[in-house]
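This briefing concerns the structure shown below.

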Amino acid sequence: MEATHEGILKKFDALKGKLIIGKAGIKGINSKKRLPADEYVPEAHIIHNLVRGFYKPADKPYILSYQATESSENYGKQIVWSDETQSEFLRIEMAPPDKENDHSKKSDIVAARYNLEKKIPLGILHKIKKGHNRILGLGIITSERDDGVFIVEPFSYKGILHPLDELKRLIKDEEINTSFVAEVVQRRGQAIFKKKLFEDSAECAICRMDEPTLLIASHIKPWKYSSNFERLDKYNGLLLCPNHDKLFDQGLITFTDDGNVVISSLLTTKTKETFGLTESLFIYLDEGHKKYLSWHRENCFKN
Ligand SMILES: [Zn+2]
């Protein structure tokens, strides 16, 4: 897969969940009509042309991305959601352009079949309303129905994602050595990890902030230093708000085995006040957290 194509797919994965308002974030500003090169894509590019659902780059044989809608004006309800939060799709019914005189219809279908046959993933956008698109991550076409509709399922490198087993298999697999795939695995792992933490609590362990979209499943012993077991062990995690996650991640606070906060001497009185850090602060811990916190105190904490 060429670098630009891979980069755009990687970008879809990284931007999953992000709402893009207007065209500029999708196909660049009017005068240039391209997005500049960025950390994912090595050259100027667009992630979708916003002309119709299918985006097949002119000189390529494949569909690069697809804009799914739930509007009755377009192709009707296409997205089957995994739950009511509508953040993850279970399936998308990707309908080819339905106007008979659409001259791109045939080439779109040929291209979608190319994705299906070669197992090439595609980026998915959800058009919420005019000018509002949410990135749904990556999908892969798994079949073509008799009525011409292509079925798209969430993508993971080796087929259809199934959380824990799939992740374990992916991590073990020796073929998995590109940074792109490593990132996909980490993203999936984080999602599973967050789900596990949410089963026990749904608020910041420190300040009780409970906005689900802002809460972060923070690893006590960071992902990169953890074994596969530790990466998904709920006792290696704390659910934290962005501020407290950052303070913990940077080693500016830690906790004793009893859950009492230990505050770095690097923090000023003002910072401590801003983030509600007092010496009497404590969090509830289980036995399982202790070995990870001990690691955090020794390796992360900046005394
Ligand atoms: Zn907090």
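In which strand does Ile263 lie? Ile263 belongs to strand 13 (residues 261-263), where strands (E, at least two residues) and helices (H or I, at least four) are DSSP runs numbered from the N terminus. The model is predicted, so local features need pLDDT of at least 70 and side-chain atom pairs count only at pLDDT 80 or more, whereas totals for chains, interfaces and linings use all residues. Residues are numbered from 1 along each chain as its sequence is written, and side-chain values use heavy atoms, with hydrogens and water left out.

**Zinc site**

- The zinc ion has as protein donors Cys204 (SG), Cys207 (SG), Cys241 (SG) and His244 (ND1), at 2.1 to 2.3 Å; donors are N, O and S atoms within 2.8 Å of the metal (3.2 Å for Na, K and Ca), and sites may look incomplete since water is not among the atoms.
- The arrangement is tetrahedral because the four donor atoms subtend angles of 94 to 116° around the zinc ion; four donors count as tetrahedral if all angles lie between 85 and 135 degrees.
- Along the chain, the donors of the zinc ion are spaced as C-x2-C-x33-C-x2-H.
- Cys207 is in the loop between helix 5 (179-200) and strand 10 (216-219), and Cys241 is in the loop between strand 11 (237-240) and helix 7 (242-249), so the pair ties together parts that are 34 residues apart in sequence.
- Cys207 is partly exposed at 38% relative accessibility, whereas Cys241 is buried at 6%; buried means under 20% relative accessible area, exposed over 50%, and partly exposed in between (1.4 Å probe, protein chains only).

**Largest pocket**

- The largest pocket holds about 2,100 Å³ of space; a pocket is an open set of points on a 1 Å grid over the protein atoms alone, where a 1.4 Å probe fits, with protein on both sides within 12 Å along at least five of seven lines.
- The lining of the largest pocket has 46 residues, and those closest to its centre are Ser87, Glu88, Gln190, Ala191 and Lys194; lining residues have an atom within 4 Å of a point.
- Domain 1 (3-156) and domain 2 (178-299) both contribute to this lining, so the largest pocket lies between them; the domain bounds come from an automatic or database domain assignment.
- Helix 5 gives the most to the lining, with ten residues, and the elements that supply at least two residues each include helix 1 (3-14), strand 5 (89-94) and helix 7.
- By residue class, the lining comprises 21 nonpolar, twelve polar and 13 charged residues.

**Positive phi values**

- Most residues other than glycine have a negative phi.
- Lys119 has a positive phi near 55° and is placed in the loop between helix 3 (105-118) and strand 6.
- Lys119 is exposed, its relative accessible area being 63%.
- Arg208 has a positive phi near 70° and lies in the loop between helix 5 and strand 10.
- Arg208 is partly exposed, at 46% relative accessibility.

**Pairs separated in sequence**

- Ile263 is buried, with 13% relative accessible area, and its C-alpha atom is 8.8 Å from that of Lys302, 39 residues apart along the chain.
- Asp147, in the loop between strand 7 and strand 8, is exposed at 52% relative accessible area.
- The C-alpha atoms of Asp147 and Ala95 are separated by 9.2 Å, with the two residues 52 apart along the chain.

How values were computed. Four donors count as tetrahedral if all angles lie between 85 and 135 degrees; four count as square planar and six as octahedral if opposite donors are over 155 degrees apart and all others between 65 and 115; anything else is irregular. Grid points are joined across faces, edges and corners, and a volume is the space filled by probe spheres set on the points. Ala, Val, Leu, Ile, Met, Phe, Trp, Tyr, Cys and Pro count as nonpolar, Asp, Glu, Lys and Arg as charged, and the others, Gly among them, as polar.
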